[in-house]
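Hello,

Here is the structure we spoke about. Please look it over, then read the notes below.

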Amino acid sequence: MAGPAAAGAFEGIDAEKEALWGFTKPQLLAFGVMLAFIVISPFYLYPVFLMKVLCFALFACAFNLLIGYVGLLSFGHAAYFGMGGYLAGHAAKVWGATPEVSILIGGFVAGLLGWAIGALAIRRQGIYFAMITLAMAQMVYFFCVQAPFTNGEDGIQAIPRGAFLGQYSLASDFTLYWMVAGIFLLGFLFIHRVIHSPFGQVMKAIRENEPRAISLGYRVDDYKLMAFVISAALSGVAGGTKAIVFGIATLTDVFWTMSGEVVLMSLVGGLGTLFGPVAGAAIIITMQNYLAEFGAWVTVIQGVIFVLCVLAFRRGVIGEIGRVLKVRL
Amino acid sequence: MSIVDRRSLLVAGAALGLSPAQAQSQTIRIGVLTDISGPYRDPTGPGSAVCTEQAALEFQGRGLTIEVIRADHQNRPDVGANIARQWYDQGVDAIVDVPTSSVALAVSQIAREKNKVFLNSGAASSDLTGPACSPNTVHFTYDTYMLARSTGGTMARAGGDTWYFVTADYAFGHALQRDVTRFVEQAGGRVLGAARYPFPNTTDFSSFMVQAQASRAKVLGLANAGTDTANCIKQAREFGLTRNMKIAGLLLSMMEVHSLGLDVAQGLVLTEPFYWNLNDRTRAFTARVRSRLPNGWPPAQVQAGCYGATLHYLKTVADMGAAAAKADGAAVVARMKAMPTDDDAFGTGLIRPDGRKIHPTYLWEVKTPAQSRGAWDYFNLLATTPAEEAFRPLAEGGCPLVTRS
Amino acid sequence: MDLFGIPAPLLFGQLLLGLINGAFYALLSLGLAVIFGMLNVINFTHGAQFMMGAFVAWMLLNWLGIGYWGALILAPIIVGITGIILERLMIAKLYKLDHLYGLLLTFGLGLIIEGLFRNEFGSSGLPYRIPAELTGAWDLGFMFMPVYRGWVVVVAFVMCLATWLVIEKTKIGSYLRAATENPALVQAFGINVPRMMTLTYGAGVALAAFAGVLAAPIYSVNPQMGSNLIIIVFAVVVIGGMGSILGSVLTGFGLGVIEGLTKVFYPEASSTVIFVVMAIVLLARPAGLFGRS
């Protein structure tokens, strides 16, 4: 079964040589640009806004791992993102855990949740898979509405930022920014490493031709489930980080529109590209930020972008750039 | 202020369309943070912004430069908190409106952290002046306690002594049901049952209507808001509940009545501290703003609250000087509490130490189509609760500001 | 007589109400199933088109003075035509691609439609009256049964039956079924498959709009009325077995009843129960109750 990413992002550009750490030369260059932007931007842009971009970039990267590299469209990733946020918030506020431990707890629980839902969902493919993940995520949403520790629609508010490793206070936006940037980079490189491992090769084989992967003796379901769990856990880490940054964990992050948003980010940036989700998250978050006063038009504009991307720019921003430059990004 | 902070402030100034020199000046900046795209758009939304601008307009000549901006919080606490943080960091002095309690609670915390001013009109939660009260927050228009007391208490005393609740299953619905239950029991009444329905995502309430009917209670209490309330009322009428039950829409407002139409809404009882056709002053206020409100509708209570709160805030700022006001939000709010309020929408009143603005509240009955003498002529006045009795007594709220002083 | 602590008549009434809600699920999932069976597109715009049906009914009444009965026929036609335009302009371009793109496109379209209606009509909803012929209620002794609700069940049932008959028993239905199996072969027989797909989409959308008109007098007519329902309807379609007409209709009615019973015994869970059922069904029968794997 060919994933949507197969629609064109990779035609004939698979043969490039790796330069360093599994990056091709253009990818290394792009990584350098991204790194430079991460280091320089907080001196010029509002750090809280940048942290939001980074959280969503990590979320989109985790999501992209599934759709771009295994060919599975999950329409319920909000469940892991939101659950990670709740658990991290709860750990930091009620258990008094340090921020990095809280975020790890969030990621761990999201991974567990992903394992439970994934085991059920990977029994089907394509659209069926999308709808099952969507429906399961709705169950998680209703659980979050009901469970006492989430505080219903108020959410967990006033989550303390705490001190990194119990040592370095994160009260200043600037200090917190470096922690968030660190988490993002670790997550990003981890995903990159997964894709380039033998495990990642099998994932891509499944995306391209599942029956053939089966006939080669791979236990396809195990691989899919593993990818699902990794994706869910990283989404949880992203959600947990967001909860620490904003000091709030709410139902918004578990609701199905959030699942739609992360699809949009990956689509705009380019499904199955390494840097696409990052660019997509930056574009969408910036747009939401600057269009906030237009109210309902934001929904309309997002819808239009969705439609345009699907009809005309299926490769996304990064995918199109890559096509023009004939490189894979 | 560190270098980094100053830089981001300057960038912020640019983002707001200001030159750095302007950003240093003594312009008072007010941000209207409201629901522009969601279910509470009509009773708050653009109308709240227009009413806030009206207050600014009336003050423009008196030596203050005032700028009003607006944004949509989409009823999402994270979005609201994000915008509030950014606004305060970038030179906004006061945030106005903020419907949806969860968003309001988040913004209140940020206002306190940044020592700015938060003038809430749209949110219902009485926690804002209770356990979560803040020296930087004023809660202007209404709250759950006041609604419960006026609608619940008055109906219970008037013979509605047995109740059945249909409650939205989340914190707000529970709080409303709990508050009303207390007043019903104080008045010697009983609660016979309650159905808690999943929120959101419930559109059909017929099952709960039949259960309510089977309970043989005299009053159906609707502990929900917005379109849920409208749906419940529509379906209660359809299932004939209105023949032997009274419906108490605990958070029902003029906008829901408008959306239901008088033939469905007639006879409903609701509480609002502001109604455009209450007296000469409210009519004068309505005449001033109506042409600029969306669709030319008269102002709703929350929108009028934005006007009242902003007007009082600006009076205080003019009194203490823009520079001092910009420097210390808590000081402004303290001064606001010291001065009596007076505006065309709510008349005279005052702000208590816990941040609660108090004014008389009114219990209204929705007119029948025959009684209504024109568009938006919706209410008959049933009862008035004086300001001192309308809201939760200061000592009962559990506000730390009160116990300390 | 009491059953499980609930008076039997009351339980009976709740079953009846569940069936009424099931009627909406059945009509909506029927449209989804027809579209999916033919086009292989999960129509995420379905909720928005349901909402459009209700709004068009309102517009017909308030702008043109056409009442409920006219709207019941005109609104599905009007919304169906907009569906046909969407299909021709956009959805048709995606048939050769992965099916997931259809889902993403219709999701985007749903956002646009809902946003536009919210800008135009606000969010608190518009009034729409029950037609005079169907007001009032029957007193069944144990409960009060509004005439209009009875009408909804009957008409939804007839509509579902008619759709099923058209697909299973008519010539055009057999073309349709054949084209679902092997479009290339059917095309080779000289049948215009693209036009059939367009009309199928239009018909599916019209069914959604028809449900919207039925819903207008009892639910609040507001822009988000469809998005509240659509996820539940998706679950119904998954449980029934995607693309199975009979499956989605039966599941629609059945789940309405299950949901109705949950509202009596444990109302807090009434919207979760459908997803629980879905999880169980998927564990036991991954292809859904009536689906072929």
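In chain B, the axes of helix 3 (residues 45-59) and helix 13 (residues 301-320) come within 8 Å and cross at roughly 30 degrees. That makes helix 3 of chain B roughly parallel to helix 13 of chain B (angles under 35 degrees count as such). Axes are lines fitted to C-alpha atoms, for helices over the stretch in contact, with angles from 0 to 180 degrees between N-to-C directions. Helices are DSSP runs of H or I, at least four residues, numbered from the N terminus.

The model is predicted: local features need pLDDT of at least 70, side-chain atom pairs pLDDT 80 or more, while totals for chains, interfaces and linings use all residues. Residues are numbered from 1 along each chain as its sequence is written, and chains are lettered from A and ligands numbered from 1 in the order written.

Residues of helix 3 of chain B that meet helix 13 of chain B include B:Cys51, B:Ala55 and B:Phe59. Among their counterparts in helix 13 are B:Tyr307 and B:Leu311. Contact requires C-beta atoms, placed from the backbone, within 7 Å. The residues of this contact divide into ten nonpolar, six polar and one charged. Ala, Val, Leu, Ile, Met, Phe, Trp, Tyr, Cys and Pro count as nonpolar, Asp, Glu, Lys and Arg as charged, the others, Gly among them, as polar.

Next, the interface. Chain A and chain C each give 35 residues to their contact. Helix 5 of chain A gives the most to the chain A side, with twelve residues. That side has 25 nonpolar, eight polar and two charged residues.

Best wishes

Notes. Helix = DSSP H or I, 4+ residues; strand = E, 2+ residues; numbered from the N terminus. Parallel < 35°, antiparallel > 145°, perpendicular 65-115°, else oblique. Contact = placed C-beta atoms within 7 Å.
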